[in-house]
Amino acid sequence: MTASVSPSGAVTGRLIRGDSCVAEGAAWLAAREPRFADALAQTGPLPLRLRPDGFAQLLSAIVSQQVSVASAAAIWARIEAAGLTEPERVAAAGEEALRVVGLSRQKIRYAQALAEAGIDYAGLRDASTPEVIARLTAVPGIGIWTAEVYAMFSLGRADVFAPGDLALQESARLLFGLPERPRERAFRVMAEAWSPWRSVAARILWAYYRVAKDREGIA
């Protein structure tokens, strides 16, 4: 798979479009890192995990911050029922309408900021990954982890990693026999060896995390 170049000339890097792309990356990683091969033997085929891109995906990420999965799902269901999944609708809604669907005062501010940010979501598809991260993290409520995950799964970037993710850190500790979870900066450096398939390395680590925790009997 070769790097993609947008009409504007920006190099977006390798793109993951289907299961075959994930399998290609997994094979590349397993050939270069025996511990990835061991992990894959336990996890089996990796999930594709691609999601839609756009405003609703980022709003959903904001909704999910610091609440349980069940709470986030319930709030999101109310947001969908109220038709508040488009930036224009959120921007026009008052604070009371957003509070009624379950958003806290802080998340109302974040949702309104996202709605008013004027992000060109189609344009992000052709932007370089650093440009995507910079554009998204300029919006209040969107941190680097959210931006990296959006680039990975909504834009299909093959060479993005999220070293601040606690599950990835713990999985790496277990798989690589580290004395403690790698800190974000050190983990980012560690992951450079997995380029140009860092998004697939993340998929391996997330899948291995579930296997390891199931083995330990931890939900």
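Is Arg49 buried, exposed or partly exposed? Its relative accessible area is 26%, so Arg49 counts as partly exposed. Please keep in mind throughout that this is a predicted model.

1. Backbone at Arg49. This residue sits in the loop between α2 (34–43) and α3. Although Arg49 is not a glycine, its phi is positive, at about 65 degrees. Most residues other than glycine have a negative phi, so this is a spot to look at on screen.

2. Backbone at Gln66. The loop between α3 and α4 (69–81) holds Gln66, another residue other than glycine with a positive phi, here near 60 degrees. Gln66 counts as exposed because its relative accessibility is 78%, and the cut-off for that class is over 50%.

3. A cis peptide bond. The bond from Ser195 to Pro196 is cis, with omega near 15 degrees. Pro196 belongs to the loop between α12 (184–191) and α13.

4. Helix α11. This helix covers residues 166–176, and eight of its eleven residues are buried. Among them are Ala167, Leu168, Leu175 and Phe176, together with the polar residues Gln169, Glu170 and Ser171. After the helix comes Gly177, which has a positive phi near 65 degrees.

5. Ser171. Within α11, Ser171 has 0% relative accessibility and therefore counts as buried. Leaving out residues up to four places away in sequence, Ser171 touches Leu205, Tyr208 and Tyr209.

6. The nonpolar core. The largest one has 66 residues, and Phe36, Ile79, Leu103, Leu114, Leu136 and Trp194 have the most contacts inside it. Helix α13 (residues 198–216) gives the largest share of this core, nine residues. Apart from neighbours within four places in sequence, Phe36 is in contact with residues including Leu29, Leu175, Phe176, Trp194, Ile204 and Leu205.

7. Packing of α3 on α10. How do these two helices cross, and at what angle? The axes of α3 (residues 55–64) and α10 (residues 144–154) come within 11 Å and cross at roughly 140 degrees. The two helices are therefore oblique to each other, given that roughly antiparallel would need an angle over 145. The crossing of α3 past α10 is right-handed. Gln57, Leu58 and Ala61 of α3 make the contact with Thr146, Tyr150 and Ser154 of α10.

Note on methods:
Residues numbered from 1 in each chain as written. Predicted model: local features only at pLDDT ≥ 70, side-chain atom pairs only at ≥ 80, totals over all residues. Heavy atoms only, no water. Buried < 20%, exposed > 50% of the residue type's maximum accessible area, 1.4 Å probe, protein only. Helix = DSSP H or I, 4+ residues; strand = E, 2+ residues; numbered from the N terminus. Core = buried A, V, L, I, M, F, W, Y, C linked by side-chain atoms within 4.5 Å. Contact = heavy atoms within 4.5 Å. Axes fitted to C-alpha atoms, helices over the stretch in contact; angles between N-to-C directions. Parallel < 35°, antiparallel > 145°, perpendicular 65-115°, else oblique. Left-handed = near helix turned anticlockwise from the far one by under 90°.
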